[in-house]
Amino acid sequence: MMELEGEKPKYGEPKKYDPTFKGPIYNRGCTDIVCCILFIICILGYVAVGILAWSQGDPRKVIYPTDSRGQFCGQAGTPLETKPLLFYFNIMKCASPMVLLEFQCPTTQMCVEKCPDKFMTLLKAYTNKEDFKYYKNFCKEGLEGLTVTQILSSGLCPAMLTPSKPFTRRCFPALGQKKGGEITVGNNSKFDDGEGNIRDAKDLVAGVKNATVVIEARQVAMKIFEDYTQSWYWILIGLVIAMLISLLFIVLLRFLAGIMVWVMIVMVILVIGYGIFHCSMEYVSLKSEAGSNVTLKDLGFQTDFSVYLHIRQTWLAFIIILAIVEVIIILLLIFLRNRILIAIALIKEASRAIGYVMSALFYPLFTFALLSIVIAYWAVTAVFLSTSNQPIYKVFNETACDHSRKICEPANFSTSSMKAECPDSKCLFAFYGGETVYHKYLIGLQFYNVFLFFWCANFVTALGQMTLAGAFASYYWALVKPDDMPAFPIFSSLGRSLRYHTGSLAFGSLILSIIQIIRVLLEYIDHKLQGTQNKCTKFLLCCLKCCFWCLEKFIKFINRNAYIMVAIYGKNFCTSAKDAFFLLMRNMIRVAVLDKVTDFLLFLGKLLIVGLVGIFAFFFFSGRVKAFENTAPNLHYYWVPILTVVVGSYLIAHGFFSVYAMCVDTLFLCFLEDLERNDGSAERPYLMSDRLLKVLNKKNKPEPAE
């Protein structure tokens with residue numbers, strides 16, 4: 001439907017010719033000052049929260065195991081420095097279901113130098129001087145002159161000792177299994193519990209199982225950590241190779257953009273094709289292997305991920321996924337072949353721009369350094385906040401007691417009314433908490449820490465986008481390159497962004513951070529309601545999470561283009577966002593096809609680098625190549641370094657290609673403005689390159705002869 005005469009266009013007026021416009025405006029003023037002031041105040045508050053957390057927190061609480069008195073086992077500079085292990089007086093009491101709720105065994109726990117390595121009861125050890133001397137290593141002080149009955153009633157010693165082994169700095173019974181499946185402890189199937197009862201070793205299993213419920217995942221974590229210690233230098237070599245390949249790829253794009261794009265496309269298709277072939281060979285080779293036809297559903301979750309590689313269904317899943325990706329890429333290439341030619345021309349132009357602004361390739365290192373500082377500050381503050389609670393002690397008992405799980409004071413518990421009413425009860429360390437004003441609002445401080453982390457991280461990313469946009473825009477609008485460009489485009493653009501547009505950067509990143517924190521809250525609510533929510537609640541939460549995910553993607557798109565307009569014109573965030581959005585909407589077809597095709601080609605570049613490095617890492621760490629068998633480290637899980645190298649390679653490639661992507665997006669907006677401002681006449685010539693003019697079937701008219 002045609003617009004009525006005099007009616008304002010739906011997406012604003014197209015840009016008009018301005019003979020004074022020469023690219024990024026240098027005579028500009030500060031924008032979004034209120035948001036700038038708010039951001040500075042919040043940063044000062046963030047520093048104050050960090051100082052408060054560092055003064056109250058104690059990271060030792062997450063490093064060292066804690067005994068029943070709340071003391072840290074193995075802490076340097078304390079009397080317990082030589083006692084790094086935690087010993088349970090009666091591990092069988094850990095079989096209580098309450099352990100799974102409170103993460104605390106209702107038995108005395110103390111720090112010891114080493115775990116017991118022999119069977120022994122207090123009754124027998126008391127009659128032998130040497131045995132009792134050994135037994136005292138696992139008892140509290142104050143045993144002199146007391147009988148066995150008095151020692152046990154006071155809870156100063158365990159009734160028995162069982163051979164144990166340290167695991168995650170805790171002593172657990174050294175359980176074994178005979179060929180018939182019989183459970184043993186210290187090679188014996190029965191033991192004396194110290195109270196005159198002969199019990200089966202299997203009675204210890206439930207206690208050990210519950211005692212390790214919180215830390216059983218740490219066994220996997222420890223193995224992963226060991227794998228990192230064995231392979232960290234090879235991982236670094238892999239990441240360096242990824243960086244060199246990325247840098248080489250960018251340099252080649254500078255001179256051979258057209259050829260490199262087609263080579264990249266062919267290489268990606270070949271790499272995926274090889275992946276399908278390799279997976280097919282593995283699938284066929286497992287046909288005769290026993291147990292390979294077990295389904296993934298029957299196998300369940302396994303901490304040793306290499307087990308899945310011996311299942312045919314795993315390789316079949318790989319084949320299907322890779323085949324789908326291969327078909328999608330080929331179909332896109334067939335139907336978008338004409339648009340790919342225009343995208344290649346845009347990439348060539350981006351290559352020329354990066355050639356004039358080579359320092360842009362190293363700017364991601366600056367962004368990475370700033371993001372590392374933000375992440376480190378957030379992580380350290382989070383640890384100190386989470387460990388700034390005070391030790392809380394509760395009453396633990398074996399029989400019914402009205403005071404069970406109530407807060408108690410260990411210093412005077414033996415003479416308290418609680419002890420008198422419940423003789424078998426103990427006042428043990430339960431967890432870290434607190435009742436002060438600081439502890440009441442601790443969750444709020446943690447929330448503030450997370451929110452400021454998002455805000456600062458988004459601000460750093462936005463600063464990088466605006467800096468690169470300003471540098472590449474100065475290239476596009478320069479009539480004579482590089483004479484009409486600043487001497488140092490990156491530094492010039494960075495200075496303008498920080499001096500004039502900190503408020504705009506803070507405004508855009510604040511909007512994005514609010515959406516991200518809402519997504520975090522939705523995930524938190526979903527986690528808290530797990531198992532109690534009905535289908536309606538599940539559906540509502542799922543819809544909300546989906547909507548906010550889409551909203552986050554949309555805001556990122558708007559912010560990115562708004563920062564480009566701010567870098568060029570120096571207007572405030574809202575005006576720039578509106579101008580960018582309307583400009584894109586007036587050229588919707590070009591945006592939907594050309595810009596996204598360019599993004600797709602750059603994504604293929606990342607995929608190629610990750611694929612090459614990933615294949616090399618797989619054959620090296622898995623020992624599939626005989627040349628590397630003696631060189632590759634011996635690992636628990638060889639997928640650990642492979643995944644690390646793959647993820648690291650993607651991040652490195654993304655860092656280099658993000659410069660290209662920002663360059664393409666900036667040139668694309670400038671290119672759209674160029675089409676609106678100019679018409680190719682002698683008075684209003686297009687400023688785009690001859691390559692783009694040729695691909696778009698446009699040309700500049702020569703000046704009329706005098």
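## Disulfides

C115 and C171 are joined by a disulfide, with 2.1 Å from S to S; a disulfide here is a pair of cysteine sulfur atoms within 2.5 Å. The link of C115 and C171 is left-handed, at -85 degrees about the S-S bond. This pair connects distant parts of the chain, 56 residues apart: C115 sits in the loop between β2 and β3 (120-121), and C171 in strand β6. Strands (E, at least two residues) and helices (H or I, at least four) are DSSP runs, numbered from the N terminus. C115 is buried at a relative accessible area of 9%, and C171 is buried at 4%. Buried means under 20% relative accessible area, exposed over 50%, and partly exposed in between, with a 1.4 Å probe and protein chains only.

The count comes to three disulfides. Another joins C73 to C111 (S to S 1.9 Å). C73 lies in the loop between α2 (60-63) and β1, and C111 in strand β2 (residues 109-112), so the pair ties together parts 38 residues apart in sequence. A disulfide also joins C139 to C157, with S to S at 2.0 Å, and this link is right-handed at 125 degrees.

## Basis of the model

This is a predicted model, in which local features need pLDDT of at least 70 and side-chain atom pairs count only at pLDDT 80 or more, while totals for chains, interfaces and linings use all residues. Residues are numbered from 1 along each chain as its sequence is written, and side-chain values use heavy atoms, with hydrogens and water left out.

## Nonpolar cores

A nonpolar core is a set of buried Ala, Val, Leu, Ile, Met, Phe, Trp, Tyr and Cys residues joined through side-chain atoms within 4.5 Å. The largest has 119 residues, of which F472 and L601 touch the most other members. Helix α15 (residues 442-476) gives the largest share of this core, 19 residues. A second, separate core of 21 residues includes C139 and C171.

## Cavity

Strands β1 (85-88), β4 (160-161) and β6 (170-173) each supply at least two lining residues.
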